[in-house]
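Keep the structure open while reading.

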Amino acid sequence: MHGSNSDERKCPYGHGATPLTTQFGAPVVDNSNSYTAGPRGPLLMQDVWLIEKLANLNREVIPERRMHAKGSGAFGTFTVTGDVSKYTRAKFLSEPGKQTEMFARFTTVAGERGAADAERDIRGFALKFYTEEGNWDMVGNNTPVFFVRDPRHFADLNKAVKRDPRTNMRSATNNWDFWTLLPEAFHQVTYVMGDRGIPKSYRHMDGFSSHTYSFYNEAGERFWVKWHFKTQQGHAHLTDAEAAQVVAGDRESHQRDLYDAIERGEFPKWKVMVQIMPEAEAETCGFHPFDLTKVRSQKTYPLIEVGMMELNRNPENFFADVEQSAFAPSNLIPGIGVSPDKMLQARLFAYSDAQRYRLGVNHHQIPVNAARCPVFNNHRDGQGRVDGNYGSLLHYHPNSFDQWQGQPEFREPPLRLSGDADFWDFRQDDDDYFSQPRALFQLMDDAQKERLFGNTARAMGDAPDFIKQRHIDNCTRCDPAYGAGVAAALGMSVSAELSPQPELAD
Ligand code: HEM
């Protein structure tokens, strides 16, 4: 059996096999035979061990994450290799050679907790750095862009790609109707329908912050930052046919690959890089720097080396560390901040809120989530409190005893904001949905393009022709060869006249 370690399954106190007790430590007399009146029953209520056993079974399952439910995790080490201290005051990045413990969780997005790994989907790339100034979480994906750029669309995206309310099956119609009505999704759709849509394993993919975040330094200067995590294992992908074969034989192919590689001592590594834009350039750069559906030119904003992350330890217990891990873009530290990206702003609320529901208000005390530096927040009580709850320390602020004081020396530089409050339609600001996916398409060789066409046609499945035609039109807008290729793969034709771009209702 994978990973069974007979030594660790023995009693830690040297008893050989561990004697069984109730959850409050009393010996359990018999773990095979229930306590009954006579050999044929009935049961007696005083069989408290049976009741405890049944009651615990009923409570084993916790809610799965609403998206990114299926995942794999590992602990590791981040080592600084480049000097970015002039951009950020973050202490864990202060000097080359410095090391910080970390935890990573990789995921598929649409599938449920039991879904197969080798599915066509984007992959989550969530990292937690246990720094001396608090936990910093980078909750990214394996693609540099996202489907939508207004958080109003996020819940609908999930509904469209997950199960239909009537059939309880995934629906190509729902999925492609939604995607094709939002042309800003086209860039991400091109990534997902291309080779990156099914990485061979989690080790063989890059990670991205996708969003613009920020750095700020001791001098109060701010920079807009995009993060890149470059796989050192090389890129490897599966075709649809290869993935079907893998899934038929192994639904946990990504989990097995990551787990086994780490057990073998082949520790996967990613080079950590950033693209940096000085704050003021956001006004003059000629594009929308906080648009999550666009990449940033590496010619203008070259990749700067920050460090290397290595995953080198499998969790001892999957539920304890992987299932209960809680990543949140709101977990920030001095020197690393957010940006005005409205998607990112919505995420600052969504994650901890989900985790208060999924894991409880004290989820920050679960060991995998707990900071490795002093935590002193004066949040008290709540379900599942497992520390001393700050004992008798006074519990109000302001007070006359210097307790619970803020730390103004860590203030972020002020951010100038302007504009009238309204339901701003980003389409009026920028309706260029196709030039970046065009560049992506034109980078593909002929074989990659053929796979893109075939993957798209298979994924569109039984969606009605008018939705397929809308997608062909979007492909043609991107590049006539893209439109012709997808049309041919679908057994359809390119339109003589492109359908009008769908207008979004308010
Ligand atoms: C998981 C919300 C966009 C990456 C989640 C979870 C929620 C959520 C509620 C489950 C959290 C949990 O139960 O622990 C949202 C919202 C978004 C958004 C409201 C947009 C408005 C994004 C984007 C990315 C992303 C743009 C990547 C750039 C992830 C990842 C996970 C996740 C990697 C799994 C984290 C883990 O491994 O536990 N998201 N999300 N999400 N999201 Fe998002």
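## Annotated active site

UniProt, in an unreviewed entry, places the feature "active site" at His-68 and Asn-141. UniProt positions follow the numbering used here, feature names are shortened, and annotations may be inferred rather than shown by experiment. The two positions are spread over 74 residues of sequence, yet they cluster in space, with a largest C-alpha distance of 10.4 Å. The model is a predicted one: local features need pLDDT of at least 70, side-chain atom pairs count only at pLDDT 80 or more, and totals for chains, interfaces and linings use all residues. Residues are numbered from 1 along each chain as its sequence is written.

His-68 sits in the loop between α1 (48-58) and β1 (71-80). Helices (H or I, at least four residues) and strands (E, at least two) are DSSP runs, numbered from the N terminus. His-68 is buried, because 22 other C-beta atoms lie within 10 Å. The cut-offs are 20 or more other C-beta atoms within 10 Å of a residue's own for buried, 12 or fewer for exposed, and in between for partly exposed, with C-beta atoms placed from the backbone. Leaving out residues up to four places away in sequence, His-68 touches Thr-107, Val-109 and Gly-124. Contact means that the C-beta atoms of two residues, placed from the backbone, lie within 7 Å.

Asn-141 belongs to strand β4. With 25 other C-beta atoms within 10 Å, Asn-141 is buried. Beyond its neighbours within four places in sequence, Asn-141 contacts Ile-122, Arg-123, Gly-124, Phe-125, Phe-208 and Ser-210.

## Ligand shell

The ligand has 28 residues around it; His-68, Arg-105, Gly-124, Ser-210 and Ala-350 come nearest. A residue counts as near if its C-beta atom, placed from the backbone, lies within 6 Å of the molecule.

β2 (99-108), β3 (123-131), β4 (134-141) and α9 (342-358) each supply at least two residues of this shell. The largest share, eight residues, comes from α9. By class, the shell has 14 nonpolar, nine polar and five charged residues. Here Ala, Val, Leu, Ile, Met, Phe, Trp, Tyr, Cys and Pro count as nonpolar, Asp, Glu, Lys and Arg as charged, and the others, Gly among them, as polar.

## Nonpolar cores

The largest nonpolar core has 48 residues. Met-102, Ala-104, Phe-129, Val-225, Trp-227 and Ile-336 have the most contacts inside it. Such a core is a set of buried Ala, Val, Leu, Ile, Met, Phe, Trp, Tyr and Cys residues joined through C-beta atoms within 7 Å. A second, separate core of 37 residues includes Ile-122, Trp-176, Tyr-191 and Tyr-482.

## Domains and their contact

The domain assignment gives domain 1 (71-369) and domain 2 (431-490). These bounds come from an automatic or database domain assignment. The C-alpha centres of domain 1 and domain 2 lie 26 Å apart. Their contact takes 19 residues from domain 1 and 24 residues from domain 2.

On the side of domain 1 that touches domain 2, α3 (172-181) and α4 (186-193) are the elements that give two or more residues. α3 gives the most, with five residues. This side of domain 1 has six nonpolar, seven polar and six charged residues.

## Annotated span

UniProt, again in an unreviewed entry, lists residues 21-405 for "domain: Catalase core". The end C-alpha atoms of residues 21-405 lie 45 Å apart, and the span is 22% helix and 19% strand.
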